[in-house]
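I opened my notebook and went through one structure, item by item. These are the entries.

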Amino acid sequence: MSPSGISGPPTKTRMLWRGFTKRCPRCGSGHLFHRWFDVVDRCPRCGLHFDREPGYWTGALAINIGVTTGIFAIFFVVALALTVPDVPVAPLLAILVPLMIVVPIAYYPFSKTVWMAVDRALLQHLDPNERLDEQH
Ligand SMILES: [Zn+2]
């Protein structure tokens, strides 16, 4: 445990789990959003800088699109499998269209924290001291 109360670097699995649960990938702190769509600039506990560069959130957008597409595909395939050959197109659309509006909105903050975790756990090439975080 360091003097700041934050233990050593978390494992990749722990970072990813924290991302999936809408928490800071480095320290596990919650409260990372002012409002549903508005992420804070820095982690309130460890000071991790979230918005690292212009276009950084493109990865979160890709994750959100992927999750939404996956949910659509699962729901659609199950509905088809259960109803073929008499597929109820109108009821299916009445469910799927609102679902495709609600899912990306509901998943939005999670897509950001998952992206931060994926970025930190799997993609980043920072040194162990994470000097980039301390410079801002
Ligand atoms: Zn943190």
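**Aromatic rings**

I began with Tyr 107, which counts as buried because its relative accessibility is 17%. The cut-off for buried is under 20%. I note that the model is a predicted one.

Next I looked up Phe 110. Its relative accessibility is 25%, so Phe 110 counts as partly exposed.

How many aromatic pairs does the structure hold? I found six. One of them joins Tyr 107 and Phe 110, and this pair is stacked. The ring centres are 6.0 Å apart, with 20° between the planes. Both residues belong to helix H3 and are three residues apart, so about one helical turn separates them. I also found that Tyr 107 and Phe 110 form one aromatic cluster with Trp 36.

Then I turned to Tyr 56 and Trp 57. Their ring centres lie 4.9 Å apart. Their planes meet at 75°, so I wrote the pair down as edge-to-face. Are these two residues buried or exposed? Tyr 56 is buried, and Trp 57 is buried as well.

**Charges over rings**

I looked for charged ends above rings. Lys 112 lies over the face of Trp 57, 4.5 Å from the ring centre. Lys 22 has its charged end over the ring of Phe 110, and here the distance to the centre is 5.5 Å.

**Helix H1**

Which residues of H1 are buried? In this helix, residues 12-20, I listed Met 15, Arg 18 and Gly 19. I then looked down the axis of H1: the buried residues fall within an arc of 100°, so they line one face of the helix. What do they pack against? Their partner is helix H3, residues 89-123. On the face turned away from the buried side I found Thr 13 and Trp 17, both exposed.

**The loop after H1**

I followed the chain into the loop between H1 and strand E1, residues 33-35. Lys 22 is in this loop, just after H1. Its phi is near 60°, a positive value in a residue other than glycine. Lys 22 counts as partly exposed because its relative accessibility is 23%.

His 31 has its place in the loop between H1 and E1 too. I looked up its phi and found a positive value near 60°, again in a residue other than glycine. Is His 31 buried or exposed? It is exposed, with a relative accessible area of 74%.

**The salt bridge**

Side chains of opposite charge can pair when their charged atoms come close. I searched for such pairs and found one salt bridge in the structure. Which residues form the salt bridge? They are Asp 38 and Arg 35. Their closest N and O atoms are 3.3 Å apart. The cut-off is 4 Å, so this pair qualifies.

I checked exposure for both partners. Arg 35 has 59% relative accessibility, so it counts as exposed. Asp 38 is partly exposed, with a relative accessible area of 27%.

**A cis peptide bond**

My last entry is about the backbone. Where is the cis peptide bond? It joins Val 84 and Pro 85. I noted an omega of about 10°. Pro 85 has its place in the loop between helix H2, residues 58-83, and H3.

Note on methods
Residues are numbered from 1 along each chain as its sequence is written. This is a predicted model: local features need pLDDT of at least 70, side-chain atom pairs count only at pLDDT 80 or more; totals for chains, interfaces and linings use all residues. Side-chain values use heavy atoms; hydrogens and water are left out. Buried means under 20% relative accessible area, exposed over 50%, partly exposed in between (1.4 Å probe, protein chains only). Helices (H or I, at least four residues) and strands (E, at least two) are DSSP runs, numbered from the N terminus. The arc is that of the directions from the helix axis to the C-beta atoms. Contact means heavy atoms within 4.5 Å. A salt bridge is a side-chain nitrogen of Lys or Arg within 4 Å of a carboxyl oxygen of Asp or Glu. Rings of Phe, Tyr and Trp (its six-membered ring) pair if their centres lie within 6.5 Å; planes under 30 degrees apart count as stacked, over 60 as edge-to-face and the rest as tilted. A charge sits over a ring if NZ of Lys or CZ of Arg is within 6 Å of the ring centre and within 35 degrees of the ring normal.
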